[in-house]
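Colleague: I have some questions about this model. Please put it up first, and then we can go through them.

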Amino acid sequence: MTTIFDLIAIIFGIFMIGSGLNMKRTGEISTIIMTAQEIEKCRDKAGYIAYIYWKEAVFGGLFILVGIVGFINAFVVNLGFWINAIDLVIFLGAFLWFYHELGEAREKFVVKF
């Protein structure tokens, strides 16, 4: 069961990195991290993208790392309890950090009505 989670984490990580880099390349905000209504209310799209794209890519990279460690643990060598615990802390920490950064970006760049 955990290998399915690891595979999903790797795919999600690749998707998030691609989304962040695509925002940087095209200059358009991804609807993955912001709704269409919020995009319309965004005061400074270029500023928002510059603020969040690299954080989204780091978030994706951490998810890939979590998935790879899970696969190594399942198929190569048992890394033990502490590595699994650290992996979980990285996963939760990355999620909470990126959630916080999205909130900060919304406060800075999205008009509230």
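Modeller: A pocket here is an open set of grid points with protein on both sides within 12 Å along at least five of seven lines, and lining residues have an atom within 4 Å of a point. Keep in mind that this is a predicted model.

Colleague: Which elements give two or more residues to the lining of the largest pocket?

Modeller: The lining includes Thr2, Phe5 and Asp6. Val66, Gly70, Asn73 and Ala74 also line the pocket, as do Asn84, Asp87, Leu88 and Phe91. The elements that give two or more residues are α1 (2-26), α3 and α4.

Colleague: How many nonpolar, polar and charged residues are in that lining?

Modeller: Gly counts as polar in this scheme, and Asp as charged. Gly70 and Asp87 are among the lining residues. By class, the lining has five nonpolar, four polar and two charged residues.

Colleague: What space lies in the largest pocket?

Modeller: Rolling a probe the size of a water molecule over the atoms shows where empty space is left. For the largest pocket, the space comes to about 170 Å³.

Colleague: What is the order of the elements from the N terminus on?

Modeller: The protein has four helices and zero strands. From the N terminus on, the order is α-α-α-α.

Colleague: Are α3 and α4 roughly parallel or roughly antiparallel to each other?

Modeller: Two packed helices are described by the angle between their axes and the distance between the axes. Helix α3 spans residues 45-76 and helix α4 residues 81-109; their axes lie 10 Å apart, at an angle of about 165°. Angles over 145 degrees count as roughly antiparallel. So α3 and α4 are roughly antiparallel.

Colleague: What is the hand of the crossing where α3 passes α4?

Modeller: By class, the contact of α3 with α4 has 20 nonpolar, four polar and seven charged residues. As α3 passes α4, the crossing is left-handed.

Colleague: Is Ala105 buried or exposed?

Modeller: Ala105 is found in helix α4. Its C-alpha atom is 10.0 Å from that of Cys42, 63 residues apart along the chain. The cut-off for buried is under 20% relative accessible area. Ala105 has 0% relative accessibility, so Ala105 counts as buried.

Colleague: What does Leu7 count as, by relative accessibility?

Modeller: Leu7 sits in helix α1. C-alpha to C-alpha, Leu7 and Gly67 are 6.2 Å apart in space and 60 residues apart in sequence. Leu7 has 43% relative accessibility, so Leu7 counts as partly exposed.

Colleague: What percentage of the protein do buried residues make up?

Modeller: The C-alpha atoms fill a box of roughly 50 × 25 × 20 Å along the principal axes. Of the 113 residues in the protein, the buried ones make up 35%.

Note on methods:
Residues are numbered from 1 along each chain as its sequence is written. This is a predicted model: local features need pLDDT of at least 70, side-chain atom pairs count only at pLDDT 80 or more; totals for chains, interfaces and linings use all residues. Side-chain values use heavy atoms; hydrogens and water are left out. Axes are lines fitted to C-alpha atoms, for helices over the stretch in contact, and angles run from 0 to 180 degrees between N-to-C directions. Angles under 35 degrees count as roughly parallel, over 145 as roughly antiparallel, 65 to 115 as roughly perpendicular and the rest as oblique. A crossing is left-handed if the near helix is turned anticlockwise from the far one by less than a right angle, and right-handed if clockwise. On a 1 Å grid over the protein atoms alone, a cavity is a set of points where a 1.4 Å probe fits but cannot get out, and a pocket is an open set with protein on both sides within 12 Å along at least five of seven lines; lining residues have an atom within 4 Å of a point. Grid points are joined across faces, edges and corners, and a volume is the space filled by probe spheres set on the points. Buried means under 20% relative accessible area, exposed over 50%, partly exposed in between (1.4 Å probe, protein chains only).
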